[in-house]
Amino acid sequence: MPLSRRLAGAVWGHLVGDAVGVPYEFLPAGAIRDVEFGARGSHHQPPGTWSDDGALMLALLDSLLEVGFDPEDQGRRAVAWRFDGAYAPGGNVFDIGTATRTALSAIRAGTPALEAGPDGERSQSNGSLMRILPIALWGEGRQDSRELARLAATASRVTHNHITCRAVCAVYTLLAEGLLQGQSREAVLPRALKVARDAFEADEPMLAAIDRLEHWPATHEPAGRGGALDAFWSAWTAFSGARDYRHTIERAIRYGNDTDTTAAIAGGLAGAHWGLDGIPGDWLAGMRDPEIVRPLVERLLAHRAVDAR
Ligand SMILES: [Mg+2]
């Protein structure tokens, strides 16, 4: 499959997963039977509306394409979403997590971006994982894999500075990188964990955080909740056991709880794996405000074609 289909598939796969999941957010797992595009429910948004996950993912993508890796610029564009509705369908901001709210208010008040994200025990949430995908889309094939993992961990700090969040962002980015390169679902996770350990080989707290990530399923069941480790494993389990893109999103949403975020995280991986053509055409056609997304995808493809293959 051409890289361009995987790149476009990852962007749209993330956004479509978010949009399909929005109406189901906060429902318990048992309350979700059939997953349908454009259902009305939580947040009362029109069909095809992506939320904070999609908007902050696009903000990071725009930043990387415009200025390269610059956390201050990443922070500014996230602030533009939060306070001005940038990157959001209809300019409407209707969903935001606690750590992200705290961090973006701090950035707007002048706090340096890398010091803005909370790092307390209660701030181990999925809010940086849900937006980190563009690090892989922008850097795959251009950056060394270990450097990519370190950049993802640094980008997490803009909203989520807890070491759990930084480790999860690094491993997820390596998963996406591997899938863009056409690696199998069986191969990408062990490889991502190995490369992440290589990337942080002198950093004992990060190595411990990667250990906690790897061993989380031994003592937990994925439940689609807002913790970074649960979100990672719910998304990975939904994707790794699915038949196709649609099945991935259905499985992610059926966990209940933080459905849009689980589906966005899983959808980014599924889109990279099955490509743009794997996303149901009626779901893609039903997305709101595609004119926000198309120029960013075009710039991403131009960026990669110029610098890579
Ligand atoms: Mg959301």
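Of the contacts in the protein chain between residues at least 6 apart in sequence, 73% join residues at least 24 apart; two residues are in contact if their C-beta atoms, placed from the backbone, lie within 7 Å. The structure is a predicted model, in which local features need pLDDT of at least 70 and side-chain atom pairs count only at pLDDT 80 or more, whereas totals for chains, interfaces and linings use all residues. Residues are numbered from 1 along each chain as its sequence is written.

The protein chain contains 14 helices and zero strands, where helices (H or I, at least four residues) and strands (E, at least two) are DSSP runs numbered from the N terminus. The radius of gyration of the chain, taken over C-alpha atoms, is 17 Å, close to the 19 Å given for 309 residues by the globule rule, so the chain is as compact as a globular protein of that length. The globule rule is 2.2 Å times the number of residues to the power 0.38. Along its principal axes, the C-alpha trace spans about 50 × 45 × 40 Å. Buried residues account for 56% of the 309 residues; a residue is buried if 20 or more other C-beta atoms lie within 10 Å of its own, exposed if 12 or fewer, and partly exposed in between.

Two packed helices are described by the angle between their axes and the distance between the axes. For helix 1 (residues 3–21) and helix 2 (residues 52–67), the axes come within 8 Å and cross at roughly 160 degrees. Axes are lines fitted to C-alpha atoms, for helices over the stretch in contact, and angles run from 0 to 180 degrees between N-to-C directions. Helix 1 and helix 2 are therefore roughly antiparallel to each other, a term applied to angles over 145 degrees. Helix 1 contributes H14, L15 and D18 to the contact, and helix 2 contributes D53, G54 and M57.

Helix 8 (residues 185–199) has 15 residues. Within helix 8, the residues V188, A192, V195, A196 and A199 are buried. The cover over these buried residues includes helix 6 (145–156), helix 7 (163–180) and helix 9 (204–215).

Y87 lies in the loop between helix 3 (71–84) and helix 4 (98–108). Y87 counts as buried because it has 26 C-beta neighbours inside 10 Å. Leaving aside neighbours within four places in sequence, Y87 is in contact with A55, L58, A59, W81 and I292. The C-alpha atoms of Y87 and A59 are separated by 6.5 Å, although these residues are 28 residues apart along the chain.

Technical notes. Angles under 35 degrees count as roughly parallel, over 145 as roughly antiparallel, 65 to 115 as roughly perpendicular and the rest as oblique. The expected span of a helix is 1.5 Å times one less than its number of residues.
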